Amino acid sequence: MNNHTHLLGAHLSVSGGFFNAIENGSKIGCTAIQIFTKSNRQWASKKISQSEAELFIKTKRNSPIKMVIAHASYLINLGSSTVGVQERSYHALVDEINRCHELEIPYLVLHPGTSEKDSQEATLELIGDYIDKSLKETPGSLTTVLIETMAGQGRSIGHTFEQIAKIISRIEDKNRIGVCFDTCHTFAAGYDFTSAEKYEKTFAHFDATIGLKFLKAFHINDSKKELNSHVDRHENIGDGLINIQAFMMIVNDARFLNVPKILETPHSEDLENDKRNLEKLASLLK
Ligand SMILES: [Zn+2]
Ligand SMILES: [Zn+2]
């Protein structure tokens, strides 16, 4: 391993306070973490007090954690066919961007959405326009929204690079939009990156459609389900159907050296499972 600081870590709980995620992440050897800034299954959020934000920022500054990213609530669906849900999702997204800004979190990962009945094209435009509007609503914020690559389960959108490129094309400020590449989702969506040749082909395709400069984060998860299954089931690194070579190529790819790589593998209360997965990932560094 060279002395470059790789940004590796896991999604961690903020129960007990935002700063707790930093402390727990430091304990298990993370240099990057992901958190929810509010309950991921509720619309309502509790205001972040100034002292909470200060404690979080100070704890982070004095820790080995060099990057924190946030994941938006699972309830947000900007692509819904119901106007009420669209509007609620839009306001929730603005709220989450503001929360990230208060906590000095540069990236907010968002599931693009699901359309109940509209055409895919119209849904992609709708999602892009709502993200664009939310960025314009938060002009002073330094937080960038990252669209997550999806598995394509049901009518969920964002499982092809072309779809993500279409969403990005609707957004005016390209400095505040990016992509989070989830290895489990992308594999289940049908993109193979398990051999050197397939890996190069997949990332060349990403570059040609979206542009590699938009790739700002990875979710590193193995997959319980096979290539092109369109089923999203995370697995521990090495126990699923994506091979170790694929993870080795990602963590050592010079193009992604400064891109945070976050595990979302099965979680245990004592953090042992996160620790094990992180050690496995770190062991792949050359
Ligand atoms: Zn996600
Ligand atoms: Zn993910």
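This note walks through the structure above in numbered points.

1. **Ground rules.** This is a predicted model, in which local features need pLDDT of at least 70, side-chain atom pairs count only at pLDDT 80 or more, and totals for chains, interfaces and linings use all residues. Residues are numbered from 1 along each chain as its sequence is written, chains are lettered from A and ligands numbered from 1 in the order in which they are written, and side-chain values use heavy atoms, with hydrogens and water left out.

2. **What the record says.** An unreviewed UniProt entry puts the feature "domain: Xylose isomerase-like TIM barrel" at residues 26–279. UniProt positions are given in the numbering used here, feature names are shortened, and annotations may be inferred rather than shown by experiment. That span is 39% helix and 16% strand, and its end C-alpha atoms lie 13 Å apart. Helices (H or I, at least four residues) and strands (E, at least two) are DSSP runs, numbered from the N terminus.

3. **The barrel.** Which strands close into the barrel, and in what order? Eight of them do, in the order β1-β2-β3-β4-β6-β8-β9-β12, with parallel pairing. Two strands pair if DSSP finds at least two bridges between them. On average, neighbouring strands of this sheet are turned by 30° against each other, direction ignored. Axes here are lines fitted to C-alpha atoms, for helices over the stretch in contact, and angles run from 0 to 180 degrees between N-to-C directions.

4. **Two strands to find first.** Look for β2 (residues 32–35): β2 pairs with β3 in the parallel sense over four bridges. One residue pair to pick out is Q34 and its bridge partner in β3, I69.

5. **Strand β8, inside and out.** How many of the residues of β8 are buried? Six of the six are, so the strand is largely enclosed by the rest of the structure. Buried means under 20% relative accessible area, exposed over 50%, and partly exposed in between (1.4 Å probe, protein chains only). In a regular strand, side chains alternate between the two faces of the sheet. Here both faces of β8 are covered, with I177, V179 and F181 buried on one side and G178, C180 and D182 buried on the other.

6. **The neighbours of β8.** β6 (residues 144–148) and β8 pair in the parallel sense over four bridges, with L146 partnered by G178. β8 is also joined to β9 by four bridges, and these two run parallel.

7. Helix α8 (residues 244–252) lies across β1 (8–11), β9 (215–220) and β12 (261–263), and runs at about 150° to β9. Contact means heavy atoms within 4.5 Å.

8. **The zinc site.** What coordinates the zinc ion (ligand 1)? H71 (NE2), H111 (NE2) and E148 (OE) do, at 2.1 Å. Donors are N, O and S atoms within 2.8 Å of the metal (3.2 Å for Na, K and Ca), and water is not among the atoms, so sites may look incomplete. Along the sequence, the spacing of the donor residues is H-x39-H-x36-E. E148 also bridges to the zinc ion (ligand 2), and the two ions lie 3.4 Å apart.

9. Buried or partly exposed? H71 counts as buried, at 2% relative accessibility, whereas H111, at 21%, counts as partly exposed.

10. **Salt bridges.** The structure holds eleven salt bridges, each a side-chain nitrogen of Lys or Arg within 4 Å of a carboxyl oxygen of Asp or Glu. One of them joins R170 and D129 (3.0 Å, N to O). R170 lies in the loop between α5 (161–169) and β8 (177–182) and D129 in helix α4 (residues 120–137), so the pair ties together parts that are 41 residues apart in sequence. R170 is partly exposed at 31%, and D129 is partly exposed at 34%. Both residues belong to a network of salt bridges that links E121, E125, D129, K166 and R170.

11. **Another pair to check.** E235 and K224 form a salt bridge, with the closest N and O atoms 3.2 Å apart. E235 counts as buried at 13% relative accessibility, while K224 counts as partly exposed at 44%.
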